[in-house]
Amino acid sequence: MTQLGQRSGREGRIVGVAAAAVALLAIAGVLAFAEDHGSDADAKSPKTSASQNPAPPKVDPSIVHSSDRPGKSLNITIDDGPDPVWTPKVLEVLKENDVKAVFCMIGPQAKAHPDLVKKVVAAGHKLCDHTVDHNTAMDKKPEGYQSEQILDAQRMIEDAAGGAKVQYYRAPGGAFSPYSRQLAANHGMRPLGWNVDSKDFERKGANAIVKTVENEVREGRPTVLFHDGGGDRSQTVDALEELLPWMTEQGYGFGFPQR
């Protein structure tokens, strides 16, 4: 082979190697570009992880009566408020006895007295939905009516609370239906019953309220019903002043209904 031919062969091989290297660099650049832009696409994707949109907590739709506190325990529940006269008095008695309670509120009452709802929450008590109109025939009404009564009241109470969630739903007069129980549970509220009715709404005097509760309270019947709304509740306040220390003397602690 001539010198010219040898030189041309070497130059051809050099050009070939250089071209291959350029091609490899180009491929690497394309892959890197795709990887980078693939990450951007993933970030912009509408898909979200479970941590970004956690599933709502599962709530049992069965009616709860038991306490979340082990041992000898009671749940104090207060219905039909908040009331500008009686709710502050009930709150004071509870504070004096270091007792926490569940306040089952009427939606429009909560909307009218957001300051009281916030005081209830600030004191460590829990919130319960007691519907908009306190219709004791709720279970006989169409599902659309039940839904409005429960969910509208929940919104009113939570708006008034300024962030605290309603954790329970109590049907007026215990008028639960399978639909209302499941609806409440689907929206984070455990249906709440009672074991002991103080019958304070009968207004037969503080002594009658005290005797009713003392006769009915016992282990296995932890959830006691009182009222801070719906009329004059002075007898309820007087009865609570006597009953709460008596309950403590009997060895009871105080918890919240199970969730």
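**Entry 1: overall make-up.** I counted eight helices and eight strands in the chain; helices (H or I, at least four residues) and strands (E, at least two) are DSSP runs, numbered from the N terminus. I noted that this is a predicted model, in which local features need pLDDT of at least 70 and side-chain atom pairs count only at pLDDT 80 or more, while totals for chains, interfaces and linings use all residues. Residues are numbered from 1 along each chain as its sequence is written, and side-chain values use heavy atoms, with hydrogens and water left out.

Entry 2: Buried means under 20% relative accessible area, exposed over 50%, and partly exposed in between (1.4 Å probe, protein chains only). I then looked up contacts, meaning heavy atoms within 4.5 Å. Among those between residues at least 6 apart in sequence, 77% join residues at least 24 apart.

**Entry 3: C128.** I located C128 in strand 3 (residues 126–129). C128 counts as buried because its relative accessibility is 0%. I listed the buried residues of helix 6 (residues 178–186) as S180, L183, A184 and A185. These buried residues pack against helix 5 (143–161) and strand 4 (166–169). After helix 6 comes G188, with a positive phi near 85°.

**Entry 4: salt bridges.** I applied the rule that a side-chain nitrogen of Lys or Arg lies within 4 Å of a carboxyl oxygen of Asp or Glu, and the count came to five salt bridges. One of them joins the side chains of R190 and D60 (3.7 Å, N to O). R190 lies in strand 5 (residues 190–191) and D60 in the loop between helix 1 (3–44) and strand 1 (73–81), so the pair ties together parts 130 residues apart in sequence. R190 counts as buried at 7% relative accessibility, whereas D60 is partly exposed at 36%. I also noted a salt bridge between K140 and D139, whose closest N and O atoms are 3.3 Å apart. K140 is exposed at 68% relative accessibility, and D139 is partly exposed at 29%.
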